[in-house]
Amino acid sequence: MRAIRLHRHGGPEVLETVELPTPVAGPDQVTVRVSHVGLNHLDLWVRRGVPGHRFPLPLVPGSDVVGHCVELDAPVALQPGFGCGHCDACLSGDHALCRDYVIRGERGDGGMAEVVVVPRAHLLPLPRGLDPAAAASLPLSLLTAWHMVHTRARVRPGQRVLVQAGASGTGAMAIQVARLLGARVLATAGSPQKREACLALGADLAVPYEEAAQAARDWTGKQGVDVVVDHVGAETFQASQRSLRWGGTYVTCGATTGNLVSLDLRALFFKQVAILGSTMGGMAELRTAWRAVADGAIRPVLDRVLPMTRLAQAHALLEERQVIGKIVVAQDLSA
Ligand SMILES: [Zn+2]
């Protein structure tokens, strides 16, 4: 079978199409013929490399996989992350705290291939009527947003939430999860089209990044928001802190614009602010969030679908931040 594989880190040219042995399912495993793979910012980190972090090269990228399960003769999506299944963290459902946690396409081979073989426990059924390309845009960003907003920040009905980068893959999911939990949402985004997209997803208000703190104060009668959801990193950190009310919660799952920030500890303790980290989430959490997709309470935000053979172009679009929601690639490796 054909697959796209990284043998070294670098620009989009390091995404090489190669011939690999077609994997064969063992006991408790199933075979999935891949139809669509969603891109995440993680794909860019994996391709470029991250100083101080070692990826297991050569590596087939691709975390969000949808396809046809041969054994079940049914369309399926795959859990994008999984634990060892038997440590204390996994047994309590906190798979992302497992020391052997694997994100598909990051610490183990992913879905940019014609066929993948996975444990049966990794399967998610495809909700009836959900377009497979749209489904491939969901799992990783939905799980990330669900864990941040629902599980870590514990957003409650009536709370006010600031979602930074609301038109990004994770942001679009965070707006919808916060709304589903009964909160009201202020979103930031860099262009009028992206702010329009935030409003269409249920944000009450959408403003440019530089107006975040002022908008948060105006919107809440000077108090500040209850929760800030942020994965932009260094560029938004100060505005995020200034937007929070006393006793508020800041939760982060990423640092796209830089990971080093300065923090005034006095502001932290006087305001009694909580700063929380969040990465991926438990497999049961995704099953719960997936039901909200089946119910139509959370909808995918698909920017466009490109052929898998044009993966390099898809990477470039994501790198240039020209995307609203997600880019998905469709299987054409054998063509
Ligand atoms: Zn484990």
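I began with the overall division, and found the protein chain split into domain 1, which covers 2-138 + 301-330, and domain 2, which covers 142-277. I note here that I am reading a predicted model.

**Entry on the domain interface.** On the domain 1 side 10 residues are in contact with 16 residues of domain 2. I then took the area buried between domain 1 and domain 2, which is about 990 Å², with 64% of that given by carbon and sulfur atoms. Within domain 1, the residues that lose the most area to domain 2 are L138, R321 and I324, and together they account for 49% of what that side buries. I also searched the interface of domain 1 and domain 2 for salt bridges, and the rule finds 0 there.

**Entry on salt bridges.** How many salt bridges does a search of the whole structure find? I noted 9 salt bridges, and I followed some of them residue by residue.

I started with E319 and R47, whose side chains meet in a salt bridge at 2.7 Å, N to O. This pair links distant parts of the chain, since E319 belongs to helix α11 (residues 311-319) and R47 to helix α1, 272 residues apart.

R48 counts as partly exposed, at 35% relative accessibility.

I turned next to K326, which forms a salt bridge with D64, and in this pair the closest N and O atoms are 3.9 Å apart. Because K326 lies in strand β17 (residues 326-330) and D64 in strand β4, the pair ties together parts that are 262 residues apart in sequence. I found K326 buried, with a relative accessible area of 6%, and D64 buried as well, with a relative accessible area of 0%. Going back over the shared partners, I recorded that salt bridges join R47, R48 and E319 into one network.

**Entry on the nonpolar surface patch.** I looked for nonpolar side chains on the surface and found a patch formed by W246, L263, L265, F269, F270 and I275, which together have about 670 Å² of accessible area. Helix α9 (residues 265-270) supplies the largest share of this nonpolar patch, namely 3 residues. I looked at L263 separately, which has its place in the loop between β14 (244-252) and α9. L263 counts as partly exposed, because its relative accessibility is 39%.

**Entry on helix α8.** Which residues of helix α8 (residues 234-243) are buried? I listed T236, F237, A239, S240, Q241 and S243. The elements that cover these buried residues of α8 include β10, α7 (212-219), β13 (225-230), β14 and β15.

**Entry on S278.** I found S278 in the loop between β15 (274-277) and α10 (283-294). Is S278 buried or exposed? It counts as buried, because its relative accessibility is 6% and the cut-off for buried is under 20%. With its neighbours within four places in sequence left aside, S278 is in contact with H147, M148, R152, V251, T252 and C253.

**Entry on the backbone.** The peptide bond from L57 to P58 is cis, with omega near -5°, and P58 has its place in the loop between α1 (41-48) and β4 (64-69).

I noted a positive phi at D28, near 65°, in a residue other than glycine. D28 lies in the loop between β2 (15-19) and β3 (29-38), and D28 is exposed, with a relative accessible area of 66%. I noted another positive phi at R154, near 50°, again in a residue other than glycine. R154 lies in the loop between α4 (139-152) and β10 (160-163), and R154 is exposed, with a relative accessible area of 60%.

How values were computed: Residues numbered from 1 in each chain as written. Predicted model: local features only at pLDDT ≥ 70, side-chain atom pairs only at ≥ 80, totals over all residues. Heavy atoms only, no water. Patch = residues over 30% accessible without salt bridge, like charges linked within 9 Å, V, L, I, M, F, W, Y side chains within 5 Å. Areas by Shrake-Rupley, 256 points an atom, 1.4 Å probe, with all protein chains shown as cover. Salt bridge = Lys/Arg side-chain N within 4 Å of Asp/Glu carboxyl O. Helix = DSSP H or I, 4+ residues; strand = E, 2+ residues; numbered from the N terminus. Buried < 20%, exposed > 50% of the residue type's maximum accessible area, 1.4 Å probe, protein only. Domains from an automatic or database assignment. Contact = heavy atoms within 4.5 Å. Buried area = accessible area lost by both parts, 1.4 Å probe.
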